[in-house]
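The report that follows is meant to be read with the sequence and the coordinates side by side.

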Amino acid sequence: MAGRIAQHPILGTQNEGKKIVTFSYDGKEMKGYEGEPIAAALKANGVMVHRYTMKQHKPRGIFCAIGRCTDCVMVVNGEPNVRTCMEPLVEGMDVRTQYGVSDKPFDQQ
């Protein structure tokens with residue numbers, strides 16, 4: 001899959017032999033490797049914005065990538081505030097951009 005590190009000098013060959021799964025992001029079908037963090041699959045598909053802040057509606061994406069901040073939280077299978085840098089991807093997941101604590105854009109809340 002394009003947009004990925006296939007060979008890492010320390011970690012070796014990445015995703016070799018892993019199953020490719022389909023998931024949806026804001027209603028669009030995407031593909032990723034089963035078990036990889038949702039955030040990694042999104043980044044490989046060109047998605048950089050995961051949520052918008054409640055007060056100022058500013059975009060946020062991956063920041064720490066180790067589950068300490070909340071910049072990568074999204075609505076996953078209807079559950080808000082899922083840290084996508086830590087949550088493994090599985091077949092059929094429904095991943096949505098988070099607006100405050102909802103998957104509905106601010107003008108629709």
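## Strand pairing

V76 stands opposite V95, a residue of β9. Strand β7 (residues 73-76) and strand β9 (residues 94-96) run antiparallel and are joined by two bridges; strands count as paired if DSSP finds at least two bridges between them. This is a predicted model, in which local features need pLDDT of at least 70 and side-chain atom pairs count only at pLDDT 80 or more, while totals for chains, interfaces and linings use all residues. Residues are numbered from 1 along each chain as its sequence is written, and side-chain values use heavy atoms, with hydrogens and water left out.

The two strands belong to an open sheet of five, with the order β4-β3-β9-β7-β8 and mixed pairing. At its edges stand β4 (28-33) and β8 (79-83), each with a single partner strand, so one side of each is left without a neighbour in the sheet. From one strand to the next the twist averages 40 degrees, where axes are lines fitted to C-alpha atoms and angles run from 0 to 180 degrees between N-to-C directions.

Over the whole protein there are one helix and ten strands, and along the sequence they follow the pattern β-β-β-β-α-β-β-β-β-β-β.

## Aromatic cluster

The structure holds two aromatic pairs, a pair being two rings of Phe, Tyr or Trp (its six-membered ring) with centres within 6.5 Å, called stacked when the planes are under 30 degrees apart, edge-to-face when over 60, and tilted for the rest.

| Ring pair | Centre to centre | Angle between planes | Class |
|---|---|---|---|
| Y52 and Y99 | 5.3 Å | 5 degrees | stacked |
| Y99 and F106 | 5.8 Å | 85 degrees | edge-to-face |

Y52 lies in strand β5 (residues 51-52) and Y99 in strand β10 (residues 98-99), so their pair ties together parts that are 47 residues apart in sequence. Ring pairs link Y52, Y99 and F106 into a cluster. Y99 is buried at a relative accessible area of 17%, and F106 is buried at 19%, whereas Y52 is partly exposed at 25%; buried means under 20% relative accessible area, exposed over 50% and partly exposed in between, with a 1.4 Å probe and protein chains only.

## The loop residue E34

E34 lies in the loop between β4 and α1 (38-44) and is partly exposed, with a relative accessible area of 37%. Leaving aside neighbours within four places in sequence, E34 is in contact (heavy atoms within 4.5 Å) with K18, K19, V21 and L89. The C-alpha atoms of E34 and I20 are 6.0 Å apart in space, although the two residues are 14 residues apart in sequence.

## Overall dimensions

The C-alpha atoms fill a box of roughly 45 × 25 × 20 Å along the principal axes. Buried residues make up 37% of the 109 residues. Of the contacts with a separation of 6 or more, 40% are between residues 24 or more positions apart.

Notes
Helices (H or I, at least four residues) and strands (E, at least two) are DSSP runs, numbered from the N terminus.
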